[in-house]
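Here's a quick tour for anyone opening this structure for the first time. Have a look at the sequence and the model, then read on for the main points.

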Amino acid sequence: MKYAVAIDIGGTNTRVALADENLEIIDRHQFSTNPEDPEETLGQIASVIKSYDKEIVGVGMSCPGPLDLLKGQILTPPNLKGGWRHMYVAEELSKRIGLPVYLNNDANLAALAEAVKGEGRDCRYVQFLTISTGIGAGFIIDKKIYQGAHGYGNEVANCIMMQDGPSHGSILPGGIEAISSGTAITTRAKKAGLCVKHAGEVNDLALSGNETAQAIMKDAKTYLANFIAVIYALADPEIVILGGSVAIKIKGFVEEVEELVKSKVFENMKPLIKIRKSTLGEDSGLLGAAYLAFSKEREE
């Protein structure tokens with residue numbers, strides 16, 4: 001049997017996993033990422049990979065964006081600095097381990113996993129959105145990631161949905177991430193004087209009758225539904241899968257968004273709207289990275 005290695009480099013932790021051709025993870029390691037010096041982290045990754053006594057076809061790697069996917073290069077992620085910036089990380093790791101390395105972002109790889117092993121496995125056109133700390137997206141056509149002409153396909157966080165709307169970090173005012181992400185929901189609630197720690201607590205206050213919390217949650221769902229309705233009009237996916245803590249942990253969130261989307265499309269499209277909650281959990285990025293390595297090996 002052949003195997004692939006999946007890597008998830010985060011600002012805090014790095015995960016390395018070995019997966020078989022059935023996308024079953026048979027071994028995994030986790031260690032702290034050095035956010036300033038890539039040499040330490042890449043050395044640890046290489047050591048783990050070299051310890052595997054298996055026939056490995058390649059390596060799929062997830063890194064925080066923004067990335068240049070066409071060149072395999074890290075650009076300016078907020079949580080990776082120093083030597084990580086503008087590093088051709090796929091090429092650098094490949095030199096160390098003697099295997100091909102394929103770089104992509106976490107949302108694209110999670111989308112790929114959903115299309116291969118998750119809720120979209122029986123579909124050709126799969127749209128994935130993660131509604132968590134931020135908002136990420138990936139679009140899969142026939143089990144392949146759609147990256148666009150320059151590698152920036154589905155970089156959706158800055159899509160402007162509300163005129164003169166809220167902003168946070170590098171997100172432009174009114175960007176979908178500044179309205180519907182977990183961070184946005186919590187930040188807006190705190191600015192309005194609510195004592196909350198996360199989006200789930202804002203939702204709890206809304207359910208208890210707090211009008212401020214209700215308005216914030218209504219915005220989050222309504223503008224997300226507006227955005228998904230636009231996706232249906234542009235790309236016509238067979239299914240939209242929502243992952244991330246907001247979508248998965250807030251009861252009824254996905255179902256309510258689905259009904260809102262149905263109210264925002266043409267009548268003939270309403271029966272085609274299918275929005276589902278991710279069932280793959282935190283391993284979706286690793287599964288997508290492993291599948292990417294296997295698919296590249298088959299292509300070549």
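**The big picture**

Let's start inside: the largest nonpolar core has 40 residues, and L129, I228, V261 and I275 are the ones that touch the most other members. Keep in mind that this is a predicted model.

- Helix α7 gives the largest share, with twelve residues.
- Setting aside residues up to four places away in sequence, I228 touches L129, V240, L242, V257, V261 and I275.
- Another core, of 30 residues, lies apart from this one, and its members include A46, W84, M87 and V89.

**Strand β11, wrapped up on both sides**

- How many of the residues of β11 are buried? Five of the five are, so the strand is largely enclosed by the rest of the structure.
- One side of β11 has I239, I241 and G243, the other has V240 and L242, and all of these are buried, which leaves both faces covered.
- β11 pairs with β8 in the parallel sense, over five bridges, and V126 has I239 of β11 as its bridge partner.
- β11 also runs parallel to strand β12 (residues 275-277), with three bridges joining them; here L242 has K277 of β12 as its bridge partner.

- Helix α3 (residues 106-117) and helix α10 (residues 284-299) have axes that come within 7 Å and cross at roughly 80 degrees.
- Because of that angle, α3 counts as roughly perpendicular to α10.
- On the α3 side, the contact is made by L109, A110, L112, A113 and V116; α10 brings S284, G285, L287, G288, A289, Y291 and L292.
- Sorted by class, this contact has nine nonpolar residues, three polar ones and no charged ones.

**A buried asparagine**

- N203 sits in helix α6.
- Is N203 buried or exposed? Its relative accessible area is 9%, which is under the 20% cut-off, so N203 is buried.
- Leaving out neighbours within four places in sequence, N203 is in contact with M217, K221 and I250.

Terms used: Residues are numbered from 1 along each chain as its sequence is written. This is a predicted model: local features need pLDDT of at least 70, side-chain atom pairs count only at pLDDT 80 or more; totals for chains, interfaces and linings use all residues. Side-chain values use heavy atoms; hydrogens and water are left out. A nonpolar core is a set of buried Ala, Val, Leu, Ile, Met, Phe, Trp, Tyr and Cys residues joined through side-chain atoms within 4.5 Å. Buried means under 20% relative accessible area, exposed over 50%, partly exposed in between (1.4 Å probe, protein chains only). Helices (H or I, at least four residues) and strands (E, at least two) are DSSP runs, numbered from the N terminus. Contact means heavy atoms within 4.5 Å. Axes are lines fitted to C-alpha atoms, for helices over the stretch in contact, and angles run from 0 to 180 degrees between N-to-C directions. Angles under 35 degrees count as roughly parallel, over 145 as roughly antiparallel, 65 to 115 as roughly perpendicular and the rest as oblique. Ala, Val, Leu, Ile, Met, Phe, Trp, Tyr, Cys and Pro count as nonpolar, Asp, Glu, Lys and Arg as charged, and the others, Gly among them, as polar. Two strands pair if DSSP finds at least two bridges between them.
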